[in-house]
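Thanks for coming, everyone. I'll take one structure and walk through its geometry. Have a look at it first.

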Amino acid sequence: MKFIKRNKPRVRDRGESTDESQSTTVSSEDSLPSAPIPNNNSGRRFPDRKVGAIVAGIIVFSVLAYAYANNMIAFNNTAFHLDRSHDDQDNAIIGSMRDDEDDLSMSTSVTNQSKQQELSDLKSPLGSVTSKISVMNAKTNKPLQKTWIYIDPKDFQCITGVEDTFCVNPNPDCITDEKGVCFVEMELGEHAVLVKTFIDNILTSSDKHAVSITSENNEVTLHVSRSFPVTFEIKNNDSGTLVDGAEIHVDGKLIGIANNGRSGERVEEGFHNVLVKYKNQFGQEVIKRIKVNVEEKLMNEFVITIPALTYKELRDHALTLINEERKRAGLSSVVLGINLAAQKHAEEMLHEGFVSNWNMQGLKPYMRYTSFGGMNAVSENVAFAYCDMTNDIRSRDCDLDPVRVIEKLYEDMMRNDAESNGVHRNNILNKWHNKVSIGIAYDNDGVALVQDFENEYIAWDKPITVTSSGMVEMSGKITVEDFKPVEIAVYRDKLPAELTPSLLSIHPYNSYYDNGELMEMIQGTSSRQYYNDPSSDTASRWFLYKMEGHEAFDISFSLASILKRQFTYSNDGIYTIYLIAENVKGERVLLTNYSLKYENRVLSSLDGSELWRCSNVPSHRC
């Protein structure tokens, strides 16, 4: 509190003389000469001394009356003075009267009135006391040093806000010491106390408190809750991209919404429960909970990583896009497959920076599909979007949000597929596809998409196997109505070779793939032939029968006999077995494309497991 210091009158002790003049006690003899006073009644004369006193009293009374009437009396705290410079007498008469204990004079009355007026000007009716103010941290209960204290602030605006570092009145009534204590003179009664805390001369908190000061209780302890600037940065934990629109809740209260992935607020110091709530690209609400500790510093920064869209979420979205298009075309939906060949290929394309149906080991889609346990027929689409960092496109207009990119890639395959002669579109709208394994990989620089469409129409009793004698055997039930196996086609590709991203960007690897070279057609009981020019052979066993209303089969043939035939080129390569079914309408569908490796007279699975070895014949026959 600011007390205004007035120039108050000095209170003199009783009997002390004034500064203006020296009070003197003057006898009647010294002031006035005695004069004879006639007495008409008795003829007696009064004694000279008594007469002089009477005359002096009359004169003094007359002077006082005249001066009072003309406002000529001046008072101080102890005496009054009379000045009659205009009197006819040559000497000024100065009177002094003392306020001794036995005489209730005018001087005493004037002095008491002056003292009461002084107290009234400087104090409230209740008085004032020196008060002790202690400031404590509300969280830690530790004293707060160098805290500014203002009593009943009215003449400045520095109340709230970190920007209000300096007040209109920069001088506090007191500042706490190392014990968090300061002393200030305060009037008795109710007061508003403003407490301001600083770090490096930067305002960190501003609190108002109501206190009551009494003569019996003049010690006050204030518990201050301080808040500090906090920045929350919301990132995708997979790509590291900033996430907009996330709600930031602290201890159950919404304090901000992330803009450009960030939200800056003020939060009280201490530990807090933070909840981040946002909607992913599919409109699904996602929640992330963490605990943070806001400390005594100018800026607390917290990076909160939120779950990226899971691959399942992305695959589900990609599947929805396919089925929406198939529905518009009047086709049945496909279900999501689980073969990992598509995902592995997408990851390799992204990490190595290429787009092709071949991988860097030189394997085609049906080879990769077989190597991951696939037994059905597969047909692949691949697509890739990336940012050209050399031209700094990403900084300008490269949008790598995986959902939007997948939608764009899908749209290109459906609407802008002239370069591939509509192969991608035809794959999506092939009515025999009933399953699709989807691979998706993405980072800050690109998004890779692989669609492996499958024809899953066999409930296997005995999946394709190769015996030690080189016989291929298979049995099962065809689940599509009115279809039965009619042919087996055996195709051969050259042994794969390692490829680089640059090689994968040129022909033939940058265009659609074929099935290789037809080596053999194994005829069943149908008279229709799918291929006209290759030589034909007959299956060792081609047994068809009905099972639960569907066509079932038990087939075997000698792959060894095919490999032993004399060719003008090496027999080494990847051999793929296609089982073909046909319905009564003459419609055909591929049921399998199962690949095996033959190298150095050894037939093996693609994982290297030996299945059959060519022996007891000339090497040129193997």
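Start with burial: a residue is buried under 20% relative accessible area, exposed over 50%, and partly exposed in between, using a 1.4 Å probe and protein chains only. On that scale, buried residues make up 44% of the 622 residues in the chain.

Now the ground rules. This is a predicted model, where local features need pLDDT of at least 70, side-chain atom pairs count only at pLDDT 80 or more, and totals for chains, interfaces and linings use all residues. Residues are numbered from 1 along each chain as its sequence is written, and side-chain values use heavy atoms, with hydrogens and water left out.

Secondary structure next. The chain has 10 helices and 32 strands. These are DSSP runs numbered from the N terminus: helices are H or I with at least four residues, strands are E with at least two.

Contacts. A contact means heavy atoms within 4.5 Å. Take the contacts in the chain with a separation of 6 or more: residues 24 or more positions apart account for 65% of them.

One local example is Ser-134. It sits in strand S3, residues 128-137. Ser-134 is buried, because its relative accessibility is 12%. Leaving out residues up to four places away in sequence, Ser-134 touches Gly-180, Val-181, Val-220, Thr-221 and Leu-222.

On to the disulfide. In general terms, that is a covalent bond between the sulfur atoms of two cysteines. The criterion here is a pair of cysteine sulfur atoms within 2.5 Å. How many does a search of the whole structure find? It finds 1. The disulfide joins Cys-174 to Cys-182, S to S 2.1 Å. Cys-174 is buried at 8% relative accessible area. Cys-182 is buried too, at 4%.

Now the aromatics. A pair of aromatic rings is described by the distance of the centres and the angle of the planes. Rings of Phe, Tyr and Trp (its six-membered ring) pair if their centres lie within 6.5 Å; planes under 30 degrees apart are stacked, over 60 edge-to-face, and the rest tilted.

A second pair is Tyr-575 with Tyr-598. Their ring centres are 6.4 Å apart and the planes sit at 80 degrees, so this pair is edge-to-face. Tyr-575 lies in strand S28 and Tyr-598 in strand S30 (residues 594-599), so parts 23 residues apart in sequence are tied together. Tyr-575 is buried at 2% relative accessible area. Tyr-598 is buried at 0%.

Stay with Tyr-598 for a moment. Its C-alpha atom is separated by 9.9 Å from that of Lys-494, which is 104 residues apart along the chain.

There is also a ring cluster. Ring pairs link Tyr-366, Tyr-491, Tyr-512, Tyr-513 and Tyr-578.

Helix packing. Helix H4 (residues 311-328) and helix H8 (residues 402-415) have axes that come within 10 Å and cross at roughly 30 degrees. Axes are lines fitted to C-alpha atoms, for helices over the stretch in contact, with angles from 0 to 180 degrees between N-to-C directions. So are H4 and H8 roughly parallel or roughly antiparallel? They are roughly parallel. The cut-offs: under 35 degrees is roughly parallel, over 145 roughly antiparallel, 65 to 115 roughly perpendicular, and the rest oblique.

Residues making the contact include Leu-314, His-317 and Ala-318 of H4, and Pro-402, Val-403 and Ile-406 of H8.

Last, the backbone. Most residues other than glycine have a negative phi, and most peptide bonds are trans. The peptide bond from His-507 to Pro-508 is cis, with omega near 5 degrees. Pro-508 is in the loop between strand S23 (484-493) and strand S24 (517-523).

Two positive phi values. Asp-482 has phi near 65 degrees. Asp-482 is in the loop between strand S22 (471-478) and S23, and is exposed at 56% relative accessibility. Asn-600 has phi near 55 degrees. Asn-600 is in the loop between S30 and strand S31 (602-604), and is exposed at 55%.

That's the tour. Questions welcome.
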